[in-house]
Amino acid sequence: MKIKITLYCPNCQSANVKRNGKKVSKKQNYFCKDCGRQFIGNHALSYKGCHSELNQKILFMLVRGVGIRDVAEIEKVSIRKVLSVLVCSNHNIKPKQKHYDSLEVDEFWTYVNNKQHKVWLIYAYHRATGEIVAYVWGKRDLKTAKRLRENLKTLEVQFDCVCSDSWESFLVAFREDNLVVGKQHTVGIEGNNCRLRHRIRRAFRKTCCFSKKLFNHFKAFDLALFYINFGFV
Ligand SMILES: [Zn+2]
């Protein structure tokens with residue numbers, strides 16, 4: 001019986017691969033002619049953590065409400081591996097448009113370690129396209145609200161009007177812009193808050209899931225917000 005397996009380079013997904021001797025463990029080694037990467041085929045790996053499609057899968061699971069320990073158990077890898085995939089990921093959102101007709105701004109409450117360590121996500125959302133335009137982290141105060149406005153300015157985002165609830169920091173920070181106040185105008189962003197609570201395990205309400213490190217917390221949110229903008233979630 002002959003079984004044929006097509007191999008792809010884990011680095012550049014090219015099929016332009018040749019055999020390249022054997023490893024000390026007597027496993028066949030392969031060499032990618034396009035990028036020069038050497039690897040062992042996925043089928044011959046004894047440790048599943050090196051599987052070339054695993055990292056992407058872990059990231060998808062993390063933005064679909066699966067916790068770190070659940071991923072480790074399902075994929076039979078270590079918790080350290082799952083955390084390292086999250087920590088080494090690098091996701092930054094960029095505004096897709098230069099000009100928006102209206103932006104909704106709101107704050108989103110989360111915590112790290114215990115409920116005394118609150119961190120607030122303050123962000124701008126475009127309802128028509130479901131895009132998160134910019135976000136900042138900080139305390140629930142005027143300084144953070146102002147930072148969001150500065151952030152929008154540095155990104156050179158133009159907008160006709162801003163919708164917010166009647167929180168006074170927004171009233172002060174965005175007073176020079178065309179500000180529309182009222183809960184009925186921020187329905188879109190409230191819906192998105194609900195989506196975040198569903199999607200990011202560490203933002204679930206009434207559970208005991210939380211981040212232990214602020215850095216990991218930020219990484220988890222960077223990932224989810226990036227995936228939302230690109231329609232994966
Ligand atoms: Zn390659």
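The centres of domain 1 and domain 2, taken over C-alpha atoms, sit 23 Å apart. This is a predicted model, where local features need pLDDT of at least 70, side-chain atom pairs count only at pLDDT 80 or more, and totals for chains, interfaces and linings use all residues. Residues are numbered from 1 along each chain as its sequence is written.

**View 1. Here is how the chain splits into domains.** The assignment gives domain 1 (1-46), domain 2 (48-89) and domain 3 (99-229). Those bounds come from an automatic or database domain assignment.

View 2. Strand β2 (residues 28-32) pairs with β3 over 2 bridges, in the antiparallel sense. Look for F31 here: its bridge partner in β3 is Q38. On the terms, strands (E, at least two residues) and helices (H or I, at least four residues) are DSSP runs numbered from the N terminus, and two strands pair if DSSP finds at least two bridges between them.

**View 3. Helix α1 and what it packs against.** Zoom in on α1 (residues 54-62), whose buried residues are L54, I58, L59 and L62. Seen down the axis of α1, those residues fall within an arc of 135°, so they line one face of the helix; the arc is that of the directions from the helix axis to the C-beta atoms. An α-helix has 3.6 residues a turn, so residues three or four places apart point the same way. The buried residues of α1 pack against α2 (68-75), α3 (79-88) and α7 (214-229). "Buried" stands for 20 or more other C-beta atoms within 10 Å of a residue's own, "exposed" for 12 or fewer, and "partly exposed" for in between, with C-beta atoms placed from the backbone. Contact between two residues needs their C-beta atoms, placed from the backbone, to lie within 7 Å.

**View 4. The largest nonpolar core.** This core has 39 residues, and A124 and A224 touch the most other members. Helix α7 gives the most to it, with 7 residues. At least three core residues come from each of domain 2 (48-89) and domain 3 (99-229). For the record, a nonpolar core is a set of buried Ala, Val, Leu, Ile, Met, Phe, Trp, Tyr and Cys residues joined through C-beta atoms within 7 Å.

**View 5. Strand β4 and its two partners.** Strand β4 (residues 99-111) runs parallel to β7 (residues 158-164), with 5 bridges joining them. On this side, L103 stands opposite V162 in β7. Towards strand β5 (residues 118-126), β4 makes 8 bridges, and the two run antiparallel. Two of the facing pairs to pick out: E107 stands opposite I122, and T110 stands opposite V119.

**View 6. The β5-β6 hairpin.** Strands β5 and β6 run antiparallel, joined by 7 bridges. A124 in this pairing faces A134 in β6. The hairpin leaves 4 residues between the strands, and G130 in the turn has a positive phi of about 65°.

View 7. N113 belongs to the β4-β5 hairpin, which has 6 residues between its strands. Its phi is near 75°, a positive value in a residue other than glycine. N113 is exposed, with 12 other C-beta atoms within 10 Å. E156 isn't a glycine either, yet its phi is positive at about 60°. This residue lies in the loop between α4 (142-154) and β7. E156 is exposed, with 9 other C-beta atoms within 10 Å.
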